[in-house]
Structures are given as structure tokens and as C-alpha cells.
Amino acid sequence: MDTYQVGNAVPLARHAYDFSLPVSARVAPSPSALRAPLPLKKNQQSTFLTVGDNQQIHWRAANGESLAHLDQAAELVDWRYPVNVQLQGKTTQALVAATVFLPEQQPGLIVLDETTGQLRELLRVPTPAFKIENICLSRAAGDNLSLYLLDERGTAEHWLVMDANGNPHAQLLRRLPIAPNSKACAVDDEQDLLFIAEEGVGIWAQGASEESSPGRTAVDMQKPFGTLTGSVESLAVVPQGLIAAIAEEKKLAFYSTQQREFKPLPLIDLPQTDEPEVVKAVYMAEQQAVALIVNDEKTGSHSLQLPWQAAPAAVAAHPIVSVIADVQTESMLRFGDAADDPAIWVNKKRPQKSLVLGTNKQQGLFVYDLQGREVQHFNTGKLNNVDVRYGVRVGKKVVDLAVATNRDDNSLSIYTIDPRSGKLTFSGSIATDMKEIYGFCMYQSPVSASQPDGALYAIPNDKSGEFQQILLSANVSELQKNSVQWQGQVKRRFYVESQPEGCVADDKNQRLFVGEEDVALWTIPAEPDTGTRLEKVLAAGEILVADIEGMGVYQGKHQSYLVVSSQGNNSFVVLDATAPYALRGIVRIALDASRNIDGVSETDGLEVTSANLGAVFPEGMLVVQDGHKVMPEAPQNFKYVSWEKIRRALNLAAE
């Protein structure tokens, strides 16, 4: 193995390199073995992992001595360290590596326990129907460990291989499109980036976590469209950096990747190699350097050490905590942007029989029980947002009411709810003068002498930024027993300057909260005679990341909270629902492998209740739309999360 030392620890872009230094050591492994440097030391010396090493996998010391081995032929390798692994009933921090076992060409995991010096097989993933071109591990979604399998025909399989508790768990997360003729991949966990090398074209970046949206960004292209001088055969990630092997040119390309900006640094010549096809790297923080092993089938493996100063990882001013969902609903019937906004109807007599109403903006309204099973649906048009209120007088009856915005004809679709059975019935529509009706919420005034049931208002908004506060009333025909004519009278109009969507009314405190998607969360008094001036609660930014979407109010006995969907970073912001609207924390809903419920991303609508719904929801629940359903891939659905989990995760006071 050739060892090259390169100058002092200074930024790579400021240093000139000479790789013509002499060979300093040779080691025992097979010359064709694939070698990867590790962050583990033995006797204060670096170690490395080899696969394809005389039909074995070895953990080796710097001098080539075998420290542990596994009698298994394999090819390809990637690793993560430290990883919490359940070994013999105990949680142990160990190095976990992915490889492809031969001759079956079956991907799997091995684990290296440095304290015991044992190397063992941990898991096998079902053999795919395609030849695996390359593999890479990912921890971009938190504590779960996942594995990418590349198919050069332009797809990849993404597998969960270890859950957050350290249990091996082989489960397909998703299949995703990638560049055709992809040769290599590498994942930057910190920045949630999957890098793909497309043969003859260049390097691409796309989201690495299973909740990532489709789409890719060019990192660098071959000349004349970029700076690459040849086809990339291999990729390696280091903190805030990416390394690419250009085999035909005998060069390494190095990129700074801070804040997802890809800046090419000077090319590194590899004059003593023939075709350096595979590069593996490890960052050594103490030395402020990167140790690389360049694998070349003809000339063997070459060791390089490059200075590299990675900036300290930024400490989040407002860390995001994770919880897992308790229930998920049945998926919509078709893929695409369909599920949008939920509402919760609480059965006052039998809370365990409460329901979740969810809009499908391609079809209508869907109704689910607390186990996520569909119990009703209405093909009443392209419904966007829905809300619920209780105790509404319709003729001689008192019913509960659900109202939704209908984008087919810019109207309000109205459904009555039987307070005892929970059965919904479509009751009619109210036309509006809006051009592009969009978001929606309802407000019910306090009971008064003039309004013994409380005035009921529908508050739709338009993509233009207009909000209307519409007084609802029902006329029941005496001649036709069940004929109801719904009427709406606009009592107030107010505006934001750009596109809104989410809104919610805090009936108890007579206050509205409205979202302007890319700008801010606003509030305004809820009664229609209180003016049109909006007060800013929180601007879009690092805490509330645009788009600002759904919102709901948790009405606790002693404290109320406002929950807002921060769609831009797949999280939910929890604030006090009263001034000065203090931030209480940020929550993300993560994958639960044990119950096969995926995490939540791209949330549009949400709703929350403090009602005791029994079972796992004694303190109420949060319901959110999931814009990207995986494990397995399916059309969109809704997730339910116990409020108790959120309260504990954010250290909120118990009610």
C-alpha cells in the first residue's frame, strides 16, 4: 500500500500537491481486495476493512495483520460508525458495514464489535431482480439505517436495514428513479443528500431520506457542461466534502459541499495508478485530514492523506425532536397529490367512536375511525380544506357540521353529522364569489341572548390572498321535511399580500390564526366587527420553514397550544396559543419500523384535539396529512399521533 503525506492541515483549495512520493509499505491482503479506511484504531494505528480478500472479509491493522475475519466472499462495501446495535440482548456501539455476499449477489450487513474483536454477519436483504451496480448506506433520516441498491437501468431500491433501536430489519422503503447508467453512490447524512455518479455525464444530488421529494440537482458535469475531465467511477463523502474518482484520467475530483453548495476544488493527480476505480475515505477530526484508499485492480491499493478542515457541525438553536405515529389511515385510491386536510369530530357520548374527516382534492371527503379504517366517503368534488363545529341548529334539529372548500366551483360543501352515530350526510352547498377558493376554517361565536347557539362562520380564503368571513344559516322547508337551504352572508373581508392556505379559529379566546405560505403566521380577532388588521405571530424562516400550511389549536384545561405545519422541513411547530405566542418546540414524525408506519413529510393539513379519545389517545391526538407514503410506497394518507407523546417529547406540563 502506497502512503502519501501531503503538507500541513490547511484548506485543500489553497494547497498544491505532489503525489510522487515513494512507496512506504506493503501489506498482506490480496491485491484485488477492496479496502476501506475505518475510524477505528488498534494500538493507536489506523485500521481498514477488506472484502474480496481471498474469499473472506477482514478487519486489518495498518501493517496488514488480520484482527478479525469472516469466511464469506463479498464485493462492494460501505460503513457507518458508531451505530447502536442489539447484540446478545445488549445495546452495543459498533461499526456496521454493508456489502454484497457472493455468489448469491445478496446484499446484507456485517457488524464489527471492536471491544470483542468479532466480525459477524448481521442481516441479509432479499436479492433484487437486477444486478447490483453499487451500494451505499444512509442515516439521513435520523437513527434508522438504510441501504441503497443501484440498478444501472435508472432505478434504485431503498431498504430499511436497521431500526432506531438497533434491531436488524430488512424492509423495502421505496423504489426511486435515478440517473441511468449510474455507477456509484454515496450519502451525506448531515445534509440529507444522496450523490449519484452517472457514467459519461456527471454527478447528481438528490434527497437521501425516504421522505425526500423527487428531483435532482447537478453537482458537476463532464466538460463542456462542467469541470469534470472524465467519467466518474466512484464517490466518497466526508464532512462538507465529496470525492470522485475519475479512473481514465487518474485523478480525484474534490468538492466542497457546505450548505448544499457544490464548489469544485483543484483536481488531484494519481500518477502511480493505472485505473483508480474505487475511492474510500474517512475523516480524521484530530488531524484535520482525510484518509483515503484508492483501489486499483492493476497496481493495488494506494493510501493518501489530505488536509481537510470541516467546520464544526452547527448546533440547532431550536432542535427538532422526533415522535412516531400511533395509527395511519388507509391510503387514497390513487397516487398523486390527493389527501390534503383533516378535521376531527369528537363523539361527545362515546369518544372512542370519534372520527377523522379527510379531504381528497381529487375526489371528495373521506371519513375514518380511530383505527384508520374508512367508514364513509363522498364523491363531492375537489375538496381542499375541512373543519367541524358542534351544536348547530338546523330547523328543529341540532346537529354537528362539517364544511369544506370545493375547488370544482369555488363553493362551500356542507355535511351534517349525527351527534349520536357520527353518520355524515351531504346537506348542500353555498356559492362564493372567490376565483380560486383554497384554505378554510370555521369559527363559532360565544353563546349570547341574540345568538343562543352561537353565530357560525365559515372562513375560506382565495389564492389571491383574500379571506372572507361568512355567516352561515339554514332554512328548512316546511313543505319538504328534509329540504335544507344553506345561506351565507359575507360579514368581513381581510387580506394577506400573497398566497395563504391554513387557518384555524380559537373559539375560546375569539382569535383567528392564518398562514401566508411563504411569509408568516398571522393573527386577527375572530369577531367580524373587530377590523381587518393582522398581527404577525411568527415569520417564515429557520423555525417555521415555508411553506406554512395546516394549523390547529390544542385547547388544554390550563394551557392551549397552536400547532403549525412547517412543510419546508417536514416538521410541526408548537407555540402558545395566547400572546406572546412563545415557542414550545418543534416535532417531527419519524418512521416506526416495528409497526410498519412510515414517517411524515410534505404535510399540508393538520388538526389537533385535547379530548380524551380513550385507548392510546387519553390526552387527545394530532392528525396530519402525509404527503409521501413509503414502506411500502402507496398513495397519500393521514397519520394519528397521541398528544401525550408530543407533550413528553417537548416537556410540556401535563393538564
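**Salt bridges and cavities in the predicted model**

Aspartate 274 has a relative accessible area of 26% and is therefore classed as partly exposed. In this predicted model, aspartate 274 forms a salt bridge with lysine 298, with 3.7 Å between the closest N and O atoms. The two residues are 24 positions apart and the pair links distant parts of the chain: aspartate 274 lies in the loop between β22 (268-269) and β23 (278-284), and lysine 298 in the loop between β24 (289-296) and β25 (300-307). Lysine 298 is exposed, its relative accessible area being 68%.

A second salt bridge joins the side chains of glutamate 157 and arginine 175, at 3.6 Å from N to O. This pair also connects distant parts of the chain, with glutamate 157 in strand β12 (residues 155-162) and arginine 175 in strand β13 (residues 168-177), 18 residues apart. Glutamate 157 counts as buried because its relative accessibility is 8%, under the 20% cut-off. Arginine 175, by contrast, is partly exposed, with a relative accessible area of 49%. In the salt bridge between arginine 80 and aspartate 78, the closest N and O atoms are 3.6 Å apart; both of these residues are buried. Asp337, Asp340, Lys361 and Asp604 are linked in a salt-bridge network. The structure holds 26 salt bridges.

The protein contains one helix and 50 strands. Along the principal axes, its C-alpha atoms fill a box of roughly 100 × 50 × 45 Å. Of the 655 residues, 57% are buried. The accessible surface comes to about 27,200 Å², and carbon and sulfur atoms contribute 47% of that area. Among contacts with a separation of 6 or more, 50% are between residues 24 or more positions apart.

Three cavities of 30 Å³ or more are present in the structure. The largest cavity has a volume of about 90 Å³. Its lining consists of 14 residues, of which Asp341, Phe440, Cys503, Met551 and Leu606 are the closest to the cavity centre. Two or more lining residues come from each of β28 (339-345), β32 (383-394), β36 (437-444), β40 (500-506), β44 (548-555) and β48 (606-609). By residue class, the lining of the largest cavity comprises eight nonpolar, three polar and three charged residues.

Five of the residues lining the second largest cavity are nonpolar, three are polar and two are charged.

Technical notes
Residues are numbered from 1 along each chain as its sequence is written. This is a predicted model: local features need pLDDT of at least 70, side-chain atom pairs count only at pLDDT 80 or more; totals for chains, interfaces and linings use all residues. Side-chain values use heavy atoms; hydrogens and water are left out. On a 1 Å grid over the protein atoms alone, a cavity is a set of points where a 1.4 Å probe fits but cannot get out, and a pocket is an open set with protein on both sides within 12 Å along at least five of seven lines; lining residues have an atom within 4 Å of a point. Grid points are joined across faces, edges and corners, and a volume is the space filled by probe spheres set on the points. Helices (H or I, at least four residues) and strands (E, at least two) are DSSP runs, numbered from the N terminus. Ala, Val, Leu, Ile, Met, Phe, Trp, Tyr, Cys and Pro count as nonpolar, Asp, Glu, Lys and Arg as charged, and the others, Gly among them, as polar. Buried means under 20% relative accessible area, exposed over 50%, partly exposed in between (1.4 Å probe, protein chains only). Contact means heavy atoms within 4.5 Å. Accessible areas come from the Shrake-Rupley method with a 1.4 Å probe; for residues, only the protein chains shown count as cover. A salt bridge is a side-chain nitrogen of Lys or Arg within 4 Å of a carboxyl oxygen of Asp or Glu.
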